[in-house]
Amino acid sequence: MANVTVIGAQWGDEGKGKIVDWLASRADAVVRFQGGHNAGHTLVVGNTTYKLSLLPSGIVTGTLSIIGNGVVLDPWHLRDEIAKLEGQGVVINTENFAIAENAPLILPLHRDLDGLREAAAGSGKIGTTGRGIGPAYEDKVGRRAIRVCDLAHLDALDAQLDRLCAHHDALRAGFGQPPVDRAALLEELKEIAPSVLKFAQPVWKRLNTVKKAGARILFEGAQGVLLDVDHGTYPFVTSSNTVSGTAASGSGLGPNATGFVLGIVKAYTTRVGSGPFPTELEDATGQRLGERGHEFGTVTGRKRRCGWFDAVLVRQSCAISGVTGIALTKVDVLDGLETVKICTGYRLHGKVLDYFPSHAADQAAVEPIYEEMEGWSGTTAGARSWADLPAQAIKYIQRVQELIETPVALVSTSPEREDTILVRDPFED
């Protein structure tokens with residue numbers, strides 16, 4: 001059977017939660033392969049709203065849900081998120097949930113460092129969530145991370161703690177902070193270890209068994225391609241690779257397992273935090289998009305910046321991530337606008353660009369070139385077929401897919417799972 005990899009094709013917050021939930025109900029396994037609890041998915045199932053930031057979306061439907069080795073795991077947040085979902089009636093056990101034993105841990109010292117850096121950065125703030133994601137990934141590549149499997153060997157952790165504390169104590173001293181309290185850290189790890197270890201296993205092995213059985217696997221990305229540490233708007237990015245190829249390395253399955261790559265794309269553009277945003281609208285229209293789209297972060301509650309659809313950025317994201325088809329979300333937020341605009345290129349120092357440049361100064365200096373289209377007075381909310389859409393909304397969707405050079409696979413018309421127009425089923429072979 002075909003597998004599907006879902007990624008955000010903008011700066012995140014594209015409505016992945018609803019799409020992943022819709023796909024998860026038809027999958028046999030759902031895998032998170034990068035990021036941490038700085039991501040957030042909101043699922044609306046019937047009259048119940050679930051807010052997830054670490055657990056894979058499949059957990060709500062009882063689908064086998066796996067946190068891969070590419071994720072950085074805050075064990076205390078995991079414990080609390082599991083308890084919250086169980087309080088909503090979700091069953092979470094070793095039959096439907098597993099954690100990669102080689103996933104690195106986010107520790108209290110990582111959260112400390114994240115906050116200290118942002119506070120000291122002044123106008124150079126990146127706009128992190130302050131949850132320790134970046135410092136945890138730094139320790140991973142610096143070969144000093146404490147991983148899930150280490151929780152079963154805490155009595156033999158001295159050498160790793162030496163490396164970890166040598167690094168962090170020097171940084172903390174630079175911020176005028178005391179050294180890491182090793183004894184307190186060990187006690188905290190001993191306290192949390194049982195709640196994590198019961199789910200820990202070599203998930204590559206379990207996924208390989210699932211794959212050989214011909215089951216459908218859904219790879220669930222976090223954030224968006226424009227926040228990728230290599231391909232995003234550096235340095236205003238996350239600390240992991242968010243592109244589809246990471247599904248292979250972040251889960252332990254090969255690149256031939258990723259299957260159909262579905263890029264989630266909002267019908268306009270939003271961004272949380274700092275960084276360049278060529279089509280940002282700091283006017284009444286931008287305010288309207290934010291209010292109608294309820295543009296506040298699932299994890300942080302931060303207000304999102306809003307602007308017109310940027311076809312240049314999405315075309316670039318789709319190319320970099322090998323997107324097979326897109327899921328276009330939140331078209332209904334544009335309902336009632338007299339005109340809508342799409343960015344088709346940029347002007348930079350007298351030149352016209354059909355791509356987003358890499359240098360931060362150039363990214364901040366580009367001016368969008370817009371194509372203007374007639375809006376629509378009818379509603380798209382709740383539409384489940386093309387016949388339910390106003391003619392101008394269909395023209396808008398068609399123009400979007402032309403400009404991004406990637407076909408529309410489905411259109412989402414509300415947060416409800418069934419309010420979806422299916423053009424091509426990503427799970428079809």
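1. Ground rules. This is a predicted model, where local features need pLDDT of at least 70, side-chain atom pairs count only at pLDDT 80 or more, and totals for chains, interfaces and linings use all residues. Residues are numbered from 1 along each chain as its sequence is written, and side-chain values use heavy atoms, with hydrogens and water left out.

2. The greasy middle. In soluble globular proteins, nonpolar side chains tend to be buried together. The largest nonpolar core here has 92 residues, and Leu78, Phe97, Leu189 and Tyr396 touch the most other members. (A nonpolar core is a set of buried Ala, Val, Leu, Ile, Met, Phe, Trp, Tyr and Cys residues joined through side-chain atoms within 4.5 Å; buried means under 20% relative accessible area, exposed over 50%, partly exposed in between, with a 1.4 Å probe and protein chains only.) Apart from this core lies another, of 17 residues, including Leu23, Val30, Ile264 and Phe427.

3. Salt bridges across the chain. The structure holds 19 salt bridges, each a side-chain nitrogen of Lys or Arg within 4 Å of a carboxyl oxygen of Asp or Glu. Take Arg79 and Glu191, whose closest N and O atoms are 3.2 Å apart. Arg79 sits in helix α2 (residues 75-87) and Glu191 in helix α6 (residues 182-197), so this pair ties together parts 112 residues apart in sequence. (Helices, H or I, need at least four residues and strands, E, at least two; both are DSSP runs numbered from the N terminus.) Arg79 is partly exposed at 33%, and Glu191 is partly exposed at 48%.

4. A buried pair. Glu295 and Arg304 form a salt bridge at 2.6 Å between the closest N and O atoms, and both residues are buried. They also belong to a network of salt bridges with Asp13, Lys266 and Lys330.

5. A serine to look at. Ser414 is in the loop between β17 (408-412) and β18 (420-422), and it counts as buried because its relative accessibility is 16%. Its side chain makes a polar contact with the side chain of Asp419 at 2.6 Å. (A polar contact is a pair of N or O atoms within 3.5 Å; within protein, one must be able to donate a hydrogen and the other to accept it, and residues adjacent in sequence count only if both atoms are side-chain atoms.)
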